[in-house]
Amino acid sequence: MRGYFAIGSERISKPMNLGALMRTANAFGASFVFSINAEHRLRAAYQADTSKTAGQVPYYQWDNVDEMQLPRGCQMVGIELTDDAVMLPTFRHPPQAAYMLGPEKGDLSPDILARCDHVVKIPTKFCINVSLAGALVMYDRHLSMGGYAPRPIMPGGTGGDGLSRTYVPGRDRK
């Protein structure tokens, strides 16, 4: 997969959510993790991060959006339930992206939304947990940009790494 991505949250306040987000970002191969205006007591985040992401993936903590510096060419993608946001299943991910999630009990700030190149929403009825939202976005990126074979018409899948075209029938189709 070409390109890189980062993921972070604005005003995150629960250490376990940050830890889970960091661990999932590490699992999906994020280049860095970040937060803006995070709760200052986030040291407990490492308790939820059993993969010890901080030793493998840089973590940047900025006090406000003006301090945030993304690499040249990196597009910011806000994840927010707004009427004009693009549905995640139809969104083409930029090769270089920084995904921005909102706080646990709130929305992305107007300053963040103004800085976003894209705003995307997960097709749910209501807001979901910030670390779960991050996992869904990273999975969608991985799925859409990973070079996997198209899904078969019949139940089942492709064998091995999913990149081959070998069809594997489901249990009901032998």
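Me: Where does N37 lie in the chain?

Reply: In this predicted model, N37 sits in the loop between β2 and α2 (45–48).

Me: Why is N37 called partly exposed?

Reply: The relative accessible area of N37 is 41%. Buried requires a value under 20% and exposed a value over 50%, with partly exposed in between, and N37 is therefore partly exposed at 41%.

Me: What makes the phi of N37 worth a remark?

Reply: Phi of N37 is near 55°, a positive value in a residue other than glycine. Most residues other than glycine have a negative phi. R11 also has a phi near 55°, likewise a positive value in a residue other than glycine, and R11 is placed in the loop between β1 and α1.

Me: How do you know whether E10 and R11 are buried, partly exposed or exposed?

Reply: E10 has a relative accessible area of 5%, and because buried means under 20%, E10 counts as buried. R11 comes to 29%, which is between the limits of 20% and 50%, so R11 is partly exposed.

Me: Why is the meeting of the E10 and R11 side chains called a salt bridge?

Reply: The distance from N to O between these two side chains is 3.1 Å. The criterion asks for a side-chain nitrogen of Lys or Arg within 4 Å of a carboxyl oxygen of Asp or Glu, so the pair E10 and R11, at 3.1 Å, qualifies as a salt bridge. The structure holds 1 salt bridge.

Me: Which residues does S109 touch, once its neighbours within four places in sequence are left aside?

Reply: S109 is in contact with E10 and R11. S109 itself belongs to the loop between β6 (96–101) and α3 (110–115).

Me: What makes β1 and β6 a pair of strands?

Reply: Pairing calls for at least two bridges between the strands, and 6 bridges join β1 to β6, which run parallel. Within this pairing, G8 stands opposite M100 in β6. As for cover, strand β1 (residues 4–10) has 6 of its 7 residues buried.

Me: How many bridges link β1 to β2, and in which sense do these strands pair?

Reply: β1 and β2 (residues 32–36) are joined in the parallel sense over 5 bridges, and at least two are needed for a pair. S9 stands opposite S35 in β2. The chain passes from β1 through helix α1 (residues 15–28) to β2, and this β-α-β crossover is right-handed. Helix α1 lies across β1, β2, β3 and β6, running at about 175° to β1.

Me: Why are β3 and β5 called edge strands?

Reply: The open sheet of 7 strands has the order β3-β2-β1-β6-β4-β7-β5, with parallel pairing. The edge strands β3 (59–62) and β5 (86–87) each pair on one side only. For β3, that pairing is with β2, to which 4 bridges join it in parallel; the bridge partner of V33 in β3 is Y59.

Me: Which residues of the largest nonpolar core touch the most other members?

Reply: The core has 24 residues, and I7, V77, I79, Y99 and L101 touch the most other members. The elements that give two or more residues to this core are β1, α1, β4 (75–79), β6 and α4 (130–145). A second, separate core of 14 residues includes F32, W62, M76 and A98. In soluble globular proteins, nonpolar side chains tend to be buried together.

Me: What does I79 contact beyond its neighbours within four places in sequence?

Reply: I79 is in contact with Y99, M100, L101, G102, L108, V120, I122 and V137.

Me: How many helices and strands does the chain hold, and what share of its residues is buried?

Reply: The secondary structure comes to 4 helices and 9 strands, in the order β-α-β-α-β-β-β-β-α-β-α-β-β from the N terminus on. Of the 174 residues of the chain, 39% count as buried. Among contacts with a separation of 6 or more, residues 24 or more positions apart account for 74%.

Methods: Residues are numbered from 1 along each chain as its sequence is written. This is a predicted model: local features need pLDDT of at least 70, side-chain atom pairs count only at pLDDT 80 or more; totals for chains, interfaces and linings use all residues. Side-chain values use heavy atoms; hydrogens and water are left out. Contact means heavy atoms within 4.5 Å. Buried means under 20% relative accessible area, exposed over 50%, partly exposed in between (1.4 Å probe, protein chains only). A crossover is right-handed if, with the strands pointing away from the viewer, the path from the first strand over the helix to the second runs clockwise. A nonpolar core is a set of buried Ala, Val, Leu, Ile, Met, Phe, Trp, Tyr and Cys residues joined through side-chain atoms within 4.5 Å. Axes are lines fitted to C-alpha atoms, for helices over the stretch in contact, and angles run from 0 to 180 degrees between N-to-C directions.
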